[in-house]
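Please look at the sequence and the model first.

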Amino acid sequence: MLSLIKEIRDVYKWRELLWQMVAREVKTRYKQSVLGYFWVILNPTAQMLVMSFAFSIIMRIPTNAASNIPYSIFLFVALLPWNLFSNSLSSACSSLVSSSSLITKVYFPRSILVISTILAKIVDFLFANIVLIVYMIAYRMPITVNILWIIPIFFIQQIFTLGLALFFAASNLIYRDIQYLLSLILLLWMYLTPVIYPADLVPAKYKVIYQLNPMAVIINAYRQTILGGGSPNYISLFIALILSILVLLIGLSYFKSREKVFADNI
Amino acid sequence: MKTTVPTVIKFENVVKKFSLQNQKTFKEFIPALLKGEETKTGFTALKNISFEIKKGETVGIIGPNGSGKSTILKLIAGVMSPSSGKVTTKGKISPLIELGAGMHPELTGRENIFLNGAILGLKRKQIQQYMQDIIDFSEIEEFIDQPIKHYSSGMYMRLAFSIAVHVNPEILLVDEILAVGDADFQAKCFKRMEEFKASENVTTVFVSHALGHVETFCTRVIYLNHHQILFDGDPHEAIKKYSND
């Protein structure tokens, strides 16, 4: 816990660099391709359309017994935060390796490289949400005040992401295979998380596994609060929060223990 | 001895050992592990190095390739940590080690000044304050709002040098950089470094193979070989000793 507070203080001291790094990521994405930010929107939309076709028209996965929410919205609410998680992790994983020229030359808190990558992905995520919002308005989806829950849920998701990102980024510096291993993990993880199917379909005896998977809890909570208009499962969310903080502390302490030899290992 | 001048860089019995992973991928690592091969190689880059550098000194470090010169700069910069012993530094460090490490080709010159300034630990306001000086010094006024991927390597280097010397460094680390760039700009860089030297506020550590530069520019030279300090003192004598070895 103490190391976390110290790290936060360090990063705050270097916040100018953090903003510059985020700005660099965002600006270069915009500048490098003709369509720029359009890709950020096009990508998940195309994904959503094809997956909706496969899972709703062909495989006929039910959304929710009580309501008649179209599958595409049902999927999109979960797919966008999942993509954020998955993109953040895979970019953060290679963030140290791709900034190796900086690491061997200048001192600054190395966690800035990981955090700035995640922040840049959050910017992308916000753009991608435009489609969802438009879609929800078009379908006249009822929204309740419970939607405000997405703020703490999003926060828990970021704690969890950062913890894992720190761990994977530091280990990828030692073995470059970690990034391939990570893409495999992420692929399997998505199917173990209720992204394409509703959480209620999970048989009772496997529920425990889902409760211990913070991403399952988080994704399900987004759905409950945005689509169902209900409040999330407090106990599950609390467990997810505790697990996320634990993951962050472990990830950070591993990162800090390797930080001293980053420059030796590149 | 002037005892009033504070020490800004202090190495106490510094040892730097590298323990390098031989295999970067599992494909290489797992067979090596099964065959019982060494998975790590250790080598010592610095053996028990101690020295002190006082504020305002201009110190050159010379020695053959692989003698540990760059490792010393990296230890001063705080990029690496010693395996044993202690490195202490006081003041803001501006590393000129291989210029332009933080430059991004897609960004304009001006955007890169902000980015690099931040990497060197400056606040936005400070960068804005130095902006015009940096642009003037670099002599690339008309290209400053173009992406630096269109710059020539000379322009690139001029921009990077301008940033590094305008951040008000207290410790300036210079590694072989003046070998690039045209003669005029090189002279300008040296002039700027001479100003630092005259001000007695800036400590410069200078690593170079250009012995002529070292001799004229430095007030003290450390000669490094076989990972140890063989001589520390008068530039002329240090270079003589290096040439004889």
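This is a predicted model: local features need pLDDT of at least 70, side-chain atom pairs count only at pLDDT 80 or more; totals for chains, interfaces and linings use all residues.

Visitor: How many aromatic pairs does the structure hold over all chains?

Guide: Rings of Phe, Tyr and Trp (its six-membered ring) pair if their centres lie within 6.5 Å; planes under 30 degrees apart count as stacked, over 60 as edge-to-face and the rest as tilted. Over all chains, the number of aromatic pairs is 20.

Visitor: Is the pair of Tyr71(A) and Phe74(A) stacked, edge-to-face or tilted?

Guide: Tyr71(A) and Phe74(A) have ring centres 5.7 Å apart. Both residues belong to helix α4 (residues 71–98) of chain A, three residues apart, about one turn of the helix; helices (H or I, at least four residues) and strands (E, at least two) are DSSP runs, numbered from the N terminus. The planes of Tyr71(A) and Phe74(A) stand at 40 degrees, so the pair is tilted.

Visitor: How are the rings of Phe18(B) and Phe43(B) arranged?

Guide: The centres of these rings, Phe18(B) and Phe43(B), are 5.4 Å apart. The pair links distant parts of the chain, 25 residues apart, with Phe18(B) in strand β1 (residues 7–21) of chain B and Phe43(B) in strand β2 (residues 40–54) of chain B. Since the planes of Phe18(B) and Phe43(B) are at 25 degrees, the pair is stacked.

Visitor: Is Phe43(B) buried, partly exposed or exposed?

Guide: Buried means under 20% relative accessible area, exposed over 50%, and partly exposed in between (1.4 Å probe, protein chains only). Phe18(B), at 10% relative accessibility, counts as buried. With 41% relative accessibility, Phe43(B) counts as partly exposed.

Visitor: Which residue has its charged end over the ring of Phe18(B)?

Guide: A charge sits over a ring if NZ of Lys or CZ of Arg is within 6 Å of the ring centre and within 35 degrees of the ring normal. In chain A, Arg15(A) lies over the face of Tyr12(A), 4.2 Å from the ring centre. Over the ring of Phe18(B), 5.2 Å from its centre, sits the charged end of Lys16(B).

Visitor: Which residue meets Lys16(B) in a salt bridge?

Guide: A salt bridge is a side-chain nitrogen of Lys or Arg within 4 Å of a carboxyl oxygen of Asp or Glu. Across the interface of chain B and chain A, three salt bridges are found. In one pair, at 2.8 Å (N to O), the side chain of Lys16(B) meets that of Asp264(A).

Visitor: What area is buried between chain B and chain A?

Guide: The contact (heavy atoms within 4.5 Å) takes 35 residues from chain B and 30 residues from chain A. Buried area is the accessible area (1.4 Å probe) that two parts lose on being put together, summed over both. Carbon and sulfur atoms give 59% of the area between chain B and chain A, which is about 2900 Å².

Visitor: Which residues are linked with Lys256(A) in a network of salt bridges?

Guide: Lys256(A) forms a salt bridge with Glu259(A), the closest N and O atoms being 2.7 Å apart, and both lie in helix α11 (residues 234–259) of chain A. Glu259(A) counts as buried at 14% relative accessibility, whereas Lys256(A), at 28%, is partly exposed. The network links Lys256(A) with Glu259(A) and Glu7(A).

Visitor: Is Asp124(A) buried or exposed?

Guide: Asp124(A) is found in helix α6 (residues 111–138) of chain A. Leaving aside neighbours within four places in sequence, Asp124(A) is in contact with Arg29(A), Tyr37(A) and Val40(A). At 9% relative accessibility, Asp124(A) counts as buried.

Visitor: Which residues does Ser94(A) touch, not counting residues up to four places away in sequence?

Guide: Ser94(A) has its place in helix α4 of chain A. With a relative accessible area of 25%, Ser94(A) is partly exposed. Beyond those sequence neighbours up to four places away, Ser94(A) touches Asn172(A) and Gln179(A).

Key:
Residues are numbered from 1 along each chain as its sequence is written. Chains are lettered from A and ligands numbered from 1 in the order in which they are written. Side-chain values use heavy atoms; hydrogens and water are left out.
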